[in-house]
Amino acid sequence: MNKQLWIKIIALSGATSVALGAFAAHGLADSLSLKMMATFRTAVLYQFLHTIALLGLVSLPEQLIISNRQALTAKSWLLGIVLFSGSLYGLVYSGISALGMITPLGGLAFISGWLLLFTAVKK
């Protein structure tokens with residue numbers, strides 16, 4: 001696992017989470033319905049939570065975790081961020097409700113990542 005690359009990805013995702021959250025709170029509050037605002041907030045929340053989880057994951061000591069499963073976990077969570085949060089951002093911005101069909105795939109990627117983490121711990 002290239003930890004330097006992952007830290008850069010994590011930093012960008014964290015910055016994006018904060019920026020999008022602030023944009024929603026200050027720039028979109030008057031233009032979105034309550035339902036769409038809640039959808040946007042859910043996207044930001046899941047992106048930020050999994051960004052923090054990624055930071056913890058790449059910070060784990062090598063003696064504790066199987067490196068190839070660590071990498072698979074990270075990729076799964078990143079895919080979850082893109083599919084889950086990305087589809088919700090797209091849905092709110094475009095109004096294309098079909099994007100909501102992608103969201104569960106992101107949720108499955110998040111769940112898969114957590115299960116991969118469970119199997120990644122060295123015995």
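These notebook entries record what I looked up in a predicted model of one protein chain.

**Entry 1: The chain as a whole**

I began with the secondary structure. The protein chain holds 4 helices and 0 strands. Read along the sequence, I noted the pattern α-α-α-α. I then looked up the extent of the C-alpha trace, which spans about 50 × 25 × 20 Å along its principal axes. The chain has 123 residues, and 37% of them count as buried.

I also looked up how far apart in sequence the contacting residues lie. I took the contacts between residues at least 6 apart in sequence, and 77% of these join residues at least 24 apart.

**Entry 2: Helix H1 against helix H2**

Helix H1 covers residues 3-28, and helix H2 covers residues 34-59. How far apart are the axes of H1 and H2, and at what angle do the helices pack? I found the axes 9 Å apart and the angle about 155 degrees. That angle makes H1 roughly antiparallel to H2, because angles over 145 degrees count as such. The crossing of H1 and H2 is left-handed. I sorted the residues of this contact by class and recorded 14 nonpolar, 7 polar and 1 charged.

Thr51 lies in helix H2. Is Thr51 buried or exposed? Its relative accessible area is 4%, so Thr51 is buried, as the limit for that word is under 20%. I listed what Thr51 touches, leaving out residues up to four places away in sequence, and found Ile10, Ser13, Gly14, Ser17 and Ile81.

Ile7 is placed in helix H1. With a relative accessible area of 44%, Ile7 is partly exposed. I looked up the separation of Ile7 and Leu49: they are 42 residues apart in sequence, and their C-alpha atoms are 15 Å apart in space.

**Entry 3: Helix H2 against helix H4**

I turned next to helix H4, which covers residues 103-120. The axes of H2 and H4 come within 12 Å and cross at roughly 20 degrees. H2 is therefore roughly parallel to H4, since the angle falls under 35 degrees. The crossing of H2 and H4 is left-handed.

Which residues of H2 and H4 meet? From H2 I noted Tyr46, His50, Ala53 and Leu57, and from H4 I noted Phe110, Trp114 and Leu117. By class, the contact of H2 with H4 has 6 nonpolar residues, 1 polar residue and no charged residues.

I also looked at Leu105, which is found in helix H4. Its relative accessible area is 48%, so Leu105 counts as partly exposed. Leu105 and Ala22 are 83 residues apart in sequence, and I recorded 26 Å between their C-alpha atoms.

**Entry 4: Aromatic pairs**

I searched next for paired rings. A pair of aromatic rings is described by the distance of the centres and the angle of the planes. How many aromatic pairs does the whole structure hold? The search finds 6.

I looked up the pair of Phe40 and Tyr93, whose ring centres are 5.8 Å apart and whose planes stand at 85 degrees. The pair is therefore edge-to-face, as planes over 60 degrees apart are given that term. Phe40 lies in helix H2, whereas Tyr93 lies in helix H3, residues 67-94. This pair thus ties together parts that are 53 residues apart in sequence. Phe40 is buried, with a relative accessible area of 0%. Tyr93 is partly exposed, with a relative accessible area of 46%.

The pair of Phe84 and Phe110 is tilted, with 5.6 Å from centre to centre and 55 degrees between the planes. Phe84 lies in helix H3 and Phe110 in helix H4, so this pair ties together parts that are 26 residues apart in sequence. Both Phe84 and Phe110 are buried.

Last, I looked up whether rings join into a group. Ring pairs link Phe40, Tyr89 and Tyr93 into a cluster.

Notes. Residues are numbered from 1 along each chain as its sequence is written. This is a predicted model: local features need pLDDT of at least 70, side-chain atom pairs count only at pLDDT 80 or more; totals for chains, interfaces and linings use all residues. Side-chain values use heavy atoms; hydrogens and water are left out. Axes are lines fitted to C-alpha atoms, for helices over the stretch in contact, and angles run from 0 to 180 degrees between N-to-C directions. Helices (H or I, at least four residues) and strands (E, at least two) are DSSP runs, numbered from the N terminus. Angles under 35 degrees count as roughly parallel, over 145 as roughly antiparallel, 65 to 115 as roughly perpendicular and the rest as oblique. A crossing is left-handed if the near helix is turned anticlockwise from the far one by less than a right angle, and right-handed if clockwise. Contact means heavy atoms within 4.5 Å. Ala, Val, Leu, Ile, Met, Phe, Trp, Tyr, Cys and Pro count as nonpolar, Asp, Glu, Lys and Arg as charged, and the others, Gly among them, as polar. Rings of Phe, Tyr and Trp (its six-membered ring) pair if their centres lie within 6.5 Å; planes under 30 degrees apart count as stacked, over 60 as edge-to-face and the rest as tilted. Buried means under 20% relative accessible area, exposed over 50%, partly exposed in between (1.4 Å probe, protein chains only).
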